[in-house]
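Subject: Handover of a structure with notes on its contents

Dear colleague,

Please find below the structure that I am handing over to you. My notes on it follow directly after.

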There are 2 protein chains.
Amino acid sequence: MNIEFYQGNSDLSVNQKLVMDLLESQKRPLSAYMILDELRDVGIRAPLQVYRALEKLISMGKVHRVESISAFIACSHMSCEKLGVTAFVICDRCENIEEVSDQSISSFITDLAIKTKMKAAKSNIELHGLCNTCQTS
Amino acid sequence: MNIEFYQGNSDLSVNQKLVMDLLESQKRPLSAYMILDELRDVGIRAPLQVYRALEKLISMGKVHRVESISAFIACSHMSCEKLGVTAFVICDRCENIEEVSDQSISSFITDLAIKTKMKAAKSNIELHGLCNTCQTS
DNA sequence: GTCAGTAATGTTATACTATAACAGATTTGT
DNA sequence: ACAAATCTGTTATAGTATAACATTACTGAC
């Protein structure tokens, strides 16, 4: 872990911390309404409380939205706050999801932005299919 | 009603052709309900009629779903039915959208699949930002 | 300290996106 | 022609997200 860049969860509001802790405790993506249901006991009552927390966490790079399944997952890399470019690899059978963040992905997006003359703000790369385990069973 | 008249040379059903023609006439992505509203006059009445047509058109590679904006756009390349790998570059200001489909994109996805030991079924790559025009105005 | 201004949070209501379940119509193989 | 399978239409409902406003909490000047 890169201490210099890592931020703990102490600067988060109560709701943000509740959502963040839940997403970190699960390794899988959760929908906003799954989060809502899980957090009803601890004071979250309305969708907007969840969506506002998610919005902030996403802007901080701590949470990603997986667009193709409308779900949210804790960033598995401490460095995402800096890099901001990741890819998700999703098994459609076992629903396991892997977050990939390396140089080849960053430079692919950089190249695409240059090629299309874009000032890149946000990217998402999602690959669906069968994972290694599910291909052979 | 004489169905054959509407089908012409195409292998599409009436509803599929209506949706396809609309998406081709617009160059921008449309939401399912925008499509529904546009096609009410010609007999489309329910969301499912639109969604079923879209599902088929997507499976044929003629239409893409742009995940991050929950919208649908006609494929701008005849080759997508074969390649199946494209990227969307979306300007968040003018909402112009460009579909990119070249060898570098295909091989990026291929490499990602190999690296993660996935049997790839579907991918989506979406880059948001400001287009060349909007950066300078 | 207090009080106005600002920001954050809570709440209700509603808009937008998508599919389940069943009914009716059409096509197809025999 | 007729049953089985498929396609299409319709109603109802599930799932995702935000607008609008009320309330509370924080901040800084005085």
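This is a predicted model: local features need pLDDT of at least 70, side-chain atom pairs count only at pLDDT 80 or more; totals for chains, interfaces and linings use all residues.

Residues are numbered from 1 along each chain as its sequence is written, chains are lettered from A and ligands numbered from 1 in the order in which they are written, and side-chain values use heavy atoms, with hydrogens and water left out.

The two protein copies

Asn124(B) belongs to strand E5 (residues 119–130) of chain B; helices (H or I, at least four residues) and strands (E, at least two) are DSSP runs, numbered from the N terminus. Asn124(B) is buried, at a relative accessible area of 6%. Here buried means under 20% relative accessible area, exposed over 50%, and partly exposed in between (1.4 Å probe, protein chains only). If neighbours within four places in sequence are left aside, Asn124(B) is in contact (heavy atoms within 4.5 Å) with Ser68(A), Asn124(A), Ile125(A), Glu126(A) and Glu67(B). The side chain of Asn124(B) also makes a polar contact with that of Glu126(B), at 3.4 Å. A polar contact is a pair of N or O atoms within 3.5 Å; within protein, one must be able to donate a hydrogen and the other to accept it, and residues adjacent in sequence count only if both atoms are side-chain atoms.

DNA strand C

There are 14 residues around DNA strand C, and Ser13(A), Asn15(A), Gln49(A), Arg52(A) and Arg65(B) come nearest. A residue is near a strand or molecule if one of its heavy atoms lies within 4 Å of it. By class, the surface near DNA strand C has six nonpolar, five polar and three charged residues. Ala, Val, Leu, Ile, Met, Phe, Trp, Tyr, Cys and Pro count as nonpolar, Asp, Glu, Lys and Arg as charged, and the others, Gly among them, as polar. H3(A) supplies the largest share of this surface, three residues.

Phosphate oxygens of DNA strand C lie 3.2 Å from a polar side-chain atom of Ser13(A) and 2.8 Å from one of Gln49(A). Tyr33(B) has a side-chain N or O atom 2.8 Å from a base nitrogen of DNA strand C. Of the atoms of DNA strand C within 4 Å of the protein, 37% belong to sugar or phosphate and the rest to bases.

DNA strand D

Around DNA strand D there are 14 residues, of which Tyr33(A), Arg65(A), Asn15(B), Leu48(B) and Arg52(B) come nearest. Helix H3 (47–59) of chain A and helix H4 (47–59) of chain B each supply at least two residues of the surface near DNA strand D, and H4(B) gives the most, with three residues. Phosphate oxygens of DNA strand D are 2.5 Å from a side-chain N or O atom of Asn15(B), 3.0 Å from one of Tyr51(A) and 3.4 Å from a polar side-chain atom of Arg45(B).

Cysteines

Zero disulfides (pairs of cysteine sulfur atoms within 2.5 Å) are found over all chains. For Cys94(A), the nearest cysteine sulfur is that of Cys91(A), 3.6 Å away, and Cys94(A) is partly exposed, at 38% relative accessible area. For Cys131(A), the nearest cysteine sulfur is that of Cys134(A), 3.7 Å away, and Cys131(A) is buried, at 13%.

Backbone

Most residues other than glycine have a negative phi. Ser70(A), however, has a positive phi near 45 degrees and lies in the loop between strand E1 (63–66) and strand E2 (71–74) of chain A. Lys117(B) has a positive phi of about 55 degrees and is placed in the loop between helix H6 (103–115) and E5 of chain B.

With kind regards
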